[in-house]
Amino acid sequence: MPSDQKLQTIASIKAAGVAGSDAAESQQITREGLISSINNALEFARMSQRIVGLLMVHLIRPDKLEAMVGAASGELMKHALLRLQGALRGADRYTAVSDEKIIILLPNLKSASQANLAADKVQRLLEEEFSIGQSLVHVRPVVGIVLFPDHGEIAEELVVHADIAAGVAVSQDVAQHSFQHEDRSDSDVYLGLEAPLREAIRTNRIQLHYQPQVQLKSGKCVSVEALVRWDAPDYGPVAASTIIRIAEISGTIGTLTDWVINTAFRQQTEWKKLGIDVNISVNLSTINLANSELPEKIQQAIGTWGVDPQRITFEITESATIGDTQRSIAVLNRLKALGLKVALDDFGTGYSSLSYVKNFPLDELKIDKLFVQNICDSAADQKIVRSIVALAHSFNLQVVAEGVEDDARLRELKKLGCDLVQGYVFSPALPASHFANWMRARP
Ligand code: C2E
Ligand code: CA
Ligand code: CA
């Protein structure tokens, strides 16, 4: 056997072994499976001087808003994945990373152009109308392409770069974009704010604001959610979600989260001295959950500030990209063992919300504002909220509705049985001293 052919055979055996199949056709696997398949493909490519390709496919829907509320986007994804079955090479692997994103691993490529050909094929397959229930759904598949070794060394980095490349394709309104290192600084999440953010964390120039959560039964503010705020020099206020994304991409999310935890805990102690007794919720990024040292750090902060762990909730979201679910659950179980509470944020928007409820050690569900905002006009959203409340209560979870902007929605949520409400109807997130005044002014 010529050595080239031999290598290819080893590659397909190895790739097949990864997913435990005979590799007769390309395969859908789990998110966790994908990361380990990427790692195996990289290991093999290093030895054999081959190329590994990753495609991030965004399914853009013209009827975006409608798509976001109904169950239709989950359905659409199922149909899209079905179409890919068998259409790619035997060793290729793919998985959905959200309702609108698919990632495809192309191990063992001879040339970069093979990745472009695969992208063309995927696009042709997914462009055709989908017939879902009674309706015909049309999507525009946009593909970001990255290659190992050119665009990254490790699986997670390649995935982030593929996502950035797809984002560039979307913003330039083109069908495909191959990642370029400049994209990192061009992409709107990057904005050259990486170094200033690191400096701001180091010099304590970021802030936490606190948004009240009101218990509907008693009308009392029983807790607050801590939300990060940053006014960047020469730039102005940066959206919280952008701050987090910059921190994640630049590797400062651990430091930022440590700062958030310590600041929030200290604040709770200070308020307590003033006679203001509230629970605090702190957001965690999926990347934080992958860090097995997180529970020790939190335990230390509990000791330092003398807070009661029962009065602290950590909010987690279903990851948009890939994470190791088992590892996250292990970290969360250790948080629970410390007496802390766990909430699932943005409930209902992700790809596998129900399996989160089943498998994660939760105390609370937060209904995403997307469902809350239409609750007065959409019977479908009312039904969704009613079902979420029933689901949560049957699992003994508390339900928080977020993004509640007016009295009409508040009344509706009361009827539907929500426990807590958070939103502009009561207050936006406030600096600590303003929150204390707000509390004092309440009847
Ligand atoms: P989130 O956790 O879902 O936070 C709720 C967001 O909704 C906040 O946006 C809040 O200001 C906004 N909001 C509150 N009430 C209303 C309302 O009535 N109507 C509307 N339209 N919006 C409302 P914000 O502060 O911009 O935060 C955005 C996201 O950034 C957060 O979403 C959270 O995912 C993330 N984030 C913020 N702070 C942190 C942090 O310290 N760590 C981590 N990991 N993520 C954070
Ligand atoms: Ca949150
Ligand atoms: Ca949320």
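Select the calcium ion (ligand 2). Its donors are Glu225 (OE), Asn283 (OD1), Glu315 (OE) and Asp345 (OD), at 2.1 to 2.3 Å. Donors here are N, O and S atoms within 2.8 Å of the metal, or 3.2 Å for Na, K and Ca; water is not among the atoms, so sites may look incomplete. Along the chain these donor residues follow the spacing E-x57-N-x31-E-x29-D.

This is a predicted model: local features need pLDDT of at least 70, side-chain atom pairs count only at pLDDT 80 or more, and totals for chains, interfaces and linings use all residues. Residues are numbered from 1 along each chain as its sequence is written, chains are lettered from A and ligands numbered from 1 in the order in which they are written, and side-chain values use heavy atoms, with hydrogens and water left out.

Asp345 bridges ligand 2 and ligand 3, and the two ions lie 4.1 Å apart. Next, color Glu315 and Asp345. Glu315 sits in strand E13 (residues 312-316) and Asp345 in strand E14, 30 residues apart, so the pair links distant parts of the chain. Strands (E, at least two residues) and helices (H or I, at least four) are DSSP runs, numbered from the N terminus.

Are these two buried or exposed? Glu315 is buried, at 1% relative accessible area. Asp345 is buried too, at 8%. Buried means under 20% relative accessible area, exposed over 50%, and partly exposed in between (1.4 Å probe, protein chains only).

Move to ligand 1. It has 22 residues around it, and Gln211, Arg229, Lys369, Glu405 and Tyr424 come nearest. A residue counts as near if one of its heavy atoms lies within 4 Å. By class, this shell holds 8 nonpolar, 7 polar and 7 charged residues. Nonpolar covers Ala, Val, Leu, Ile, Met, Phe, Trp, Tyr, Cys and Pro; charged covers Asp, Glu, Lys and Arg; the others, Gly among them, are polar.

Show the side chains of Arg229 and Lys369. An N or O atom of Arg229 is 2.8 Å from an oxygen of ligand 1. For Lys369, an oxygen of the ligand is also at 2.8 Å from a side-chain N or O atom. The protein covers 83% of the 800 Å² of accessible area that ligand 1 has on its own (Shrake-Rupley method, 1.4 Å probe).

Finally, select strand E10 (221-232). E10 gives the most to the shell around ligand 1, with 4 residues.

How values were computed: A polar contact is a pair of N or O atoms within 3.5 Å; within protein, one must be able to donate a hydrogen and the other to accept it, and residues adjacent in sequence count only if both atoms are side-chain atoms.
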